[in-house]
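This report covers the pocket and the salt bridges of one model. Look over the sequence and structure first.

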Amino acid sequence: MDFNFLHDEYWGNSISAYLLFAVILILALLLKRYITTIFTRLFFTLFKKFSAGYYGQHFKELLLRPVEGIIVTVFLYIAFYQLSLSFDKLVLFKRIKPVKDMHEQVAAPLFTLMDLIDHLFLLTLLVYVSLLFSRILDFIFLVSINRAKQNNDKERQQIMPLLRDVLKVVVWTFGVLSILGSVFHVNVSALVAGLGVGGIAIAFAAKESLENLMASFMVMLDKPFTIGDWIRVNGVEGNIEKVGFRSTLIRTFDKSVVSIPNRKLIDENLENLSERGMRRALLNIGAVYGLSRSTLEGVIKEIKNKILNTKGTVGNPTAQLEGFGDSALNIQVVFFISVNPDVDFSAVRQEVYFGVYEIMYRHAYGFAYPTQVQLNTPSVNEVFTPPSKPE
């Protein structure tokens, strides 16, 4: 069979070059996921011992996009390179350079379509390589943070996310400088020197951001709290979730997330309520009038026993007759719940409330209502027996 027709040229390229271009594009689209899986598994063998083999799926999900992007970019460049003969002849524009001696301008080397493809290839490749290193850092710190949680190492849980963010900033900074130098032919040394001169202006422009960044390092050094601690600062109360570059995330007890600038943690009075080991709970009860002293004392004793027997409560609870209200006998109950990651404050408090509810209806005719009504039934009177009326 005669294949001489493959050497026929159209628009500067042979038919074999066009066929090879199409074949490479098809292979890139069909085999990208398969090749990506192979490379991902090879990468994971390097980290398998570090991750104890438990994070294979996480590793694949993190590295899928950058590895696939690198493979597709390389295949596309190889495919377009097959048509470089015609792309080199297609001039996009002429770069003009001044001649200092004659004060004239002359045409410099031409910028062709192939030059554009080279620059786009290098730009895309550097972006995906930077993303690859960034995702590898995410995986390393994912394993480290999970190990810290398993070992209940709160200090590592607090410092690891900040260290991860710092290293990712370094990776992307090198990536951007590489792109500026390799793709856009910027003098990186002169640029860095210029940034050093203009650093003062940048520092003034980003004054608050730099203050928050320095405050985050001060928090790491002073350690006024760790991840999971219950704190109160600037009117916000909740548990620490994350300490970042600029701010600290606090999960309040109504499950909302509040972001507080790190400098506020240094400037404001910060209370670490976890250090006291317990959290106070207050309950006011309204009992109906007419109960005897023995009944009230029995109810108070039952409430104390219920609190003491509820898992998660600590210390000695107090329950006492506080005063006489408009429509109820006011009983005040104070008890304490342990501040511990394994203790749900709301659940323990609810268990106590249910117990008090049952006690009041079992021994004290329920609760007094703040209403004024006319009752046709006799009122409760256990204090004394009224004298009988004379015949």
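## Largest pocket

The largest pocket holds about 790 Å³ of space. Here a pocket is an open set of points on a 1 Å grid over the protein atoms alone, where a 1.4 Å probe fits, with protein on both sides within 12 Å along at least five of seven lines. Its volume is the space filled by probe spheres set on the points, which are joined across faces, edges and corners.

The model is predicted: local features need pLDDT of at least 70, and side-chain atom pairs count only at pLDDT 80 or more, while totals for chains, interfaces and linings use all residues. Residues are numbered from 1 along each chain as its sequence is written, and side-chain values use heavy atoms, leaving out hydrogens and water.

## Pocket lining

The lining of the largest pocket comprises 28 residues (each with an atom within 4 Å of a point). Gly228, Asn239, Asn340, Pro341 and Val343 lie nearest the centre. Helix 5, strand 6 (236-243), strand 7 (247-252) and helix 11 (345-363) each give two or more residues to this lining. Helices (H or I, at least four residues) and strands (E, at least two) are DSSP runs, numbered from the N terminus.

By class, the lining has 10 charged, 10 polar and eight nonpolar residues. Asp, Glu, Lys and Arg count as charged; Ala, Val, Leu, Ile, Met, Phe, Trp, Tyr, Cys and Pro as nonpolar; the others, Gly among them, as polar.

## Salt bridges

The whole structure contains nine salt bridges (a side-chain nitrogen of Lys or Arg within 4 Å of a carboxyl oxygen of Asp or Glu). One joins Asp138 to Lys168, at 3.1 Å from N to O. Asp138 sits in helix 4 (residues 113-150) and Lys168 in helix 5 (residues 154-182), so the pair ties together parts 30 residues apart in sequence. Lys168 is partly exposed, at 21%.

Another salt bridge pairs Arg293 with Glu297, with the closest N and O atoms 2.9 Å apart. Both residues lie in helix 10 (residues 293-308), four residues apart, about one turn of the helix. Arg293 is exposed at 65%, whereas Glu297 is partly exposed at 44%.

## Further pairs

Glu237 and Arg232 also form a salt bridge; their closest N and O atoms are 3.3 Å apart. Glu237 is partly exposed at 23%. Arg232 is partly exposed at 29%. Lys32, Arg33 and Glu68 are linked in a salt-bridge network.

Key. Buried means under 20% relative accessible area, exposed over 50%, partly exposed in between (1.4 Å probe, protein chains only).
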